[in-house]
Amino acid sequence: MNYAFDIGGSKIEFGVFDANGDVLLRRKVSTPRDDRACFITTLSGFVQEADAGFSVQGDIGISLAGGVDPKTGAVISANIPAITGWPLATELSDILGRTVLVENDADCFALAEATSGAAVNADTVFAIILGTGVGGGIVFDGQFVGGKSGIRGEWGHGNDVTGTLVRHGLSPVTCGCGRTGCLDSWGGARGLERIYDQITHQVLDSKSITAAWCSGNEAASKAIDIYCDLVARELALMVNVLDPNCIPVGGGLASEKALIAKIDDRVRKQALGRYDAPLVIPGAHADDGGLRGAALLHRMVARARLE
Ligand SMILES: [Zn+2]
């Protein structure tokens, strides 16, 4: 039995999975963002309920909106002050009396897609999140890569898309990470809305923009063209580096199938390698990949020990 948490800045999801990956129990609450005692009580309550309900002590995996410092175990998180800088895995392991594993939510999504989603049997999976901003996780042969800093797969930061922005008549903005020119400010739903705002001086949410695009609206079509240009350029670079089997998409924009297909078309045209089949595809677990991936963490670690 696997217990999984998906911990984000606004909500915490809890799930109990059986050996086949089927969900037996699901719970969801608001994240106690600023109160660590309440945070611990919330997680403990779900675990105790599951232990009692299923008469087992399930192992626990956590998908986290943030990273973990591999040396100290401290959480690197911008939006959950209650646990930022706190060694979440070791402290919870002590409190709950079993090993707790914690990984980044985009990594967990990638693991879920590689194990039972859109990328089953793929050697190299680069899963991306097109949510509020952009994120990414890499799974190679069933395992995560890297691990020196606790930050990886972040293809939305460190870019400089300023040239593309200026060419399209857009003004660069400062990213949350402090740099200017990061794709993160332009590659998610907020980015699409920012593009539309800058070219029309009108505020429209991302869903309305994609709907207007699908019905032939000119301004929305221009915004989508610019958006796809920005995203596809950076994705094509990642494809040139990783040569992935596929790129499953999660996050809110993953449900926009026509948008994903347009990005895929551009990426395959721009990549150096030849890809005859779609690379950028909607994830099978776009809605709950973090939770599903968290439930797989213990299995992944056990497999790594055997190899
Ligand atoms: Zn940035």
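Trainee: How far does helix α5 reach from its first C-alpha to its last?
Mentor: This is a predicted model. Helix α5 covers residues 189-200, which is 12 residues. At 1.5 Å a residue, 16 Å is expected. The reach in the model is close to that, at 17 Å.

Trainee: What arc do the buried residues of α5 cover around the axis?
Mentor: The buried residues in α5 are Ala-189, Gly-191, Leu-192, Ile-195 and Tyr-196. They sit on the same side of α5, because the arc they cover is only 165°.

Trainee: Which helices do the buried residues of α5 pack against?
Mentor: Look at the buried residues Leu-192 and Ile-195, among others, in α5. The partners of the buried residues are α6 (206-214) and α7.

Trainee: Which residue just after α5 takes a positive phi?
Mentor: Look in the loop between α5 and α6. Most residues other than glycine have a negative phi. The residue is His-201.

Trainee: Where is Ser-55 found?
Mentor: Ser-55 has a positive phi too, near 55°. Ser-55 is exposed, because 8 other C-beta atoms lie within 10 Å and the cut-off for exposed is 12 or fewer. Its place is the loop between α1 (36-54) and β4 (59-64).

Trainee: How far apart are the end C-alpha atoms of α7?
Mentor: Helix α7 has 25 residues. At 1.5 Å a residue, they should span 36 Å. The model agrees, with the end C-alpha atoms 35 Å apart.

Trainee: What covers the buried residues of α7?
Mentor: Buried residues in α7 include Ala-223, Tyr-227, Leu-230 and Glu-234. Several elements cover the buried residues of α7. They include α4 (162-167), α5, α6, α8 (257-270) and β12 (280-282).

Trainee: Which residues does Ile-263 touch, not counting residues up to four places away in sequence?
Mentor: Nonpolar side chains tend to be buried together in soluble globular proteins. The residues touched by Ile-263 are Cys-228, Val-231, Ala-232, Leu-235 and Val-280.

Trainee: How far apart are the C-alpha centres of domain 1 and domain 2?
Mentor: Domain 1 takes in 2-108 + 288-306, while domain 2 is 121-282. Their contact takes 13 residues from domain 1 and 15 residues from domain 2. The C-alpha centres lie apart by 28 Å.

Trainee: Which element gives the largest share of the side of domain 1 that touches domain 2?
Mentor: The elements that give two or more residues to this side are β5 (67-68), α3 (105-116) and α10 (297-306). The residues of this side divide into 7 nonpolar, 3 polar and 3 charged. The largest share is 3 residues, and it comes from α10.

Conventions. Residues numbered from 1 in each chain as written. Predicted model: local features only at pLDDT ≥ 70, side-chain atom pairs only at ≥ 80, totals over all residues. Contact = placed C-beta atoms within 7 Å. Helix = DSSP H or I, 4+ residues; strand = E, 2+ residues; numbered from the N terminus. Expected span 1.5 Å × (residues − 1). Buried ≥ 20, exposed ≤ 12 C-beta atoms within 10 Å, placed from the backbone. Arc of directions from axis to C-beta. Domains from an automatic or database assignment. Nonpolar A, V, L, I, M, F, W, Y, C, P; charged D, E, K, R; others polar.
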